[in-house]
Amino acid sequence: MIHQYKLLGYNIILDVASGAVHATDEVCYEMIRIIDEGGYQDMLELAEVRSKVTGAVRELFPRSDGLTDADLDECYDDVKALVSAGKLFAPDTFEPIAGKLKEKTGGVVKALCLHIAHTCNLNCSYCFASQGKYNGERAVMSFEVGKRALDFLIENSGTRRNLEVDFFGGEPLMNFDVVKRLVAYAREIEGKYNKNFRFTLTTNGVLIDDDVIEFANKEMSNVVLSLDGRREIHDKFRVDYQGRGSFDRIVPKFQRLVRERGGKNYYMRGTFTHRNPDFLEDIKAMLDLGFRELSMEPVVCAKGDEGELTEEDFPIVCEQYERLAELMRERDKAGDPFTFYHYMIDLTGGPCIYKRISGCGSDTEYMAVTPWGDLYPCHQFVGDEKFKLGDVFSGVSNTAVREEFASCNVYAREECRDCWARLYCSGGCAANAYHATGSVKGVYEYGCRLFRKRMECAVALAVARMLEDNEGADK
Amino acid sequence: MERIKTIETRKLCEGNGGCGECQTSCQSACKTSCGIANQACENTAEKESK
């Protein structure tokens, strides 16, 4: 299976199963399309097929274009060589190994999302966590529960050395003292067990002060700072309990934290909704504020919510993704680049095939822990009792849910089999699927369409960077 | 004339993958719309053998 599209001035061919990426001229692009549509990829040796394909291309490009028959034959031979080399129309032979990684690493947990505070000092109406309460009571995690969670992680991490812990909420800084004590505890024990804890803090910024900045910049591998971009957009949703916007209170704090962090290992993370499908303006607002590591996520909310993205928003969002890729290329060339989380695709060093077909890791290697120590498949399932897996004291007891998630892989969803992006998303988000369809093995189609657009942009940007930077000149 | 340029990519069909040292999908910035394409491989043994 291939996927072909045009973006950033390039004609791009993705070979799904091999992961190969090709940039072509118009002639080759059309030739590959004709081969694909005619189903000729396994018959390229036949003279009759050569004649049919080159003839069809000739109809599109008359001789007056300067294209000779020898040119067409040469192009055909190049395509044929790539097919023989397994870089074009490669068969997907991975299904038998789908699930092997999960089987091999069954019971090994390597990441926890600690819900350190089920409460929040902001009252954002679009919050999937219902203002931090996850449809439950307000609560904060005690040091004892957090300590037990870290012990649980170590006990269940097998030979994994890198252990990831996210301090999440609600607003984790509302329980900052416990965050600090847990990090101190982890540092105390990691050497003994030959582990390396990597912490992430996600915060709305309201409680950031000197102490938080010093601590976060010393101990957090990554900080995720919530900002929706333009002041008027941010202050529409991200308000306190008096209804006041938080933009002016948090931006100077974020700027100081990032500056003192050396501008590295953070994300300025925004959410866009029906109110701002033109989210590129929010990206630009973040850039104007001096931030360079950015993420804007489509809202995840209940059906019918005022922020829900609509069908009318879809083309606008797609256009924004394209313009974002163009802006990034412009900024590259101007010597002031920035990062967009979803476009950070590493074509040469990205995930292995096992990772690509195994699914997201929720419930198997990644779990969320509530303030009471209950375990859930991920942070987006917290509060939905039927997904409760067990707790950090006695471990996982809900084997039915565990088995359901363990069987989630890229081949578990019929819709993914025909999707060119399946090895870039690995089957997508189980929580989004569940909320959209009622099944963790369902498909959140709107999210899939956005994901495919992001991948087209990400790959095109990578192609532009690799080709233009390698040539040392612009096209 | 070169009509097709192949970009250097990781060969999905090769490698001793599956060490599991990489991040789980929904960490870092995302939390709501995960994929795996933007994650780094952390298989140090495989990297060293390249």
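Two strands count as paired here if DSSP finds at least two bridges between them, and a strand is itself a DSSP run (E, at least two residues), numbered from the N terminus along with the helices (H or I, at least four residues). The views below come from a predicted model, in which local features need pLDDT of at least 70, side-chain atom pairs count only at pLDDT 80 or more, and totals for chains, interfaces and linings use all residues. Residues are numbered from 1 along each chain as its sequence is written, chains are lettered from A and ligands numbered from 1 in the order in which they are written, and side-chain values use heavy atoms, with hydrogens and water left out.

**View 1. Strand β1 of chain B pairs with strand β3 of chain A.** Here β1(B) (residues 4–7) and β3(A) (residues 21–24) run antiparallel, joined over 4 bridges. Look for Ile4(B), the bridge partner of Thr24(A).

**View 2. β3(A) also pairs with β2(A).** Strand β2 (residues 10–15) of chain A is antiparallel to β3(A), with 4 bridges between them. Thr24(A) turns up again, this time as the bridge partner of Asn11(A). In the hairpin of these two strands, 5 residues lie between them, and Gly19(A) has a positive phi near 80°. In a regular strand, side chains alternate between the two faces of the sheet. Both faces of β3(A) are covered: Val21(A) and Ala23(A) on one side, His22(A) and Thr24(A) on the other, are all buried (under 20% relative accessible area; exposed is over 50%, partly exposed in between; 1.4 Å probe, protein chains only).

**View 3. Chain B meets chain A.** The contact (heavy atoms within 4.5 Å) takes in 78 residues of chain A and 39 of chain B. Together the chains bury about 5,000 Å², 55% of it on carbon and sulfur atoms; buried area is the accessible area (1.4 Å probe) that two parts lose on being put together, summed over both. In chain B, Arg3(B), Leu12(B) and Lys31(B) lose the most area to chain A, together 16% of what that side buries.

**View 4. Arg3(B) reaches Asp71(A).** These residues form a salt bridge, their closest N and O atoms 3.8 Å apart; the term asks for a side-chain nitrogen of Lys or Arg within 4 Å of a carboxyl oxygen of Asp or Glu. The two chains share 3 salt bridges.

**View 5. Gly349(A) sits in a loop of chain A.** The loop runs between β11 (339–340) and α12 (353–358). Gly349(A) is buried, because its relative accessible area is 16%. Leaving aside neighbours within four places in sequence, Gly349(A) is in contact with Ala40(B) and Cys41(B).
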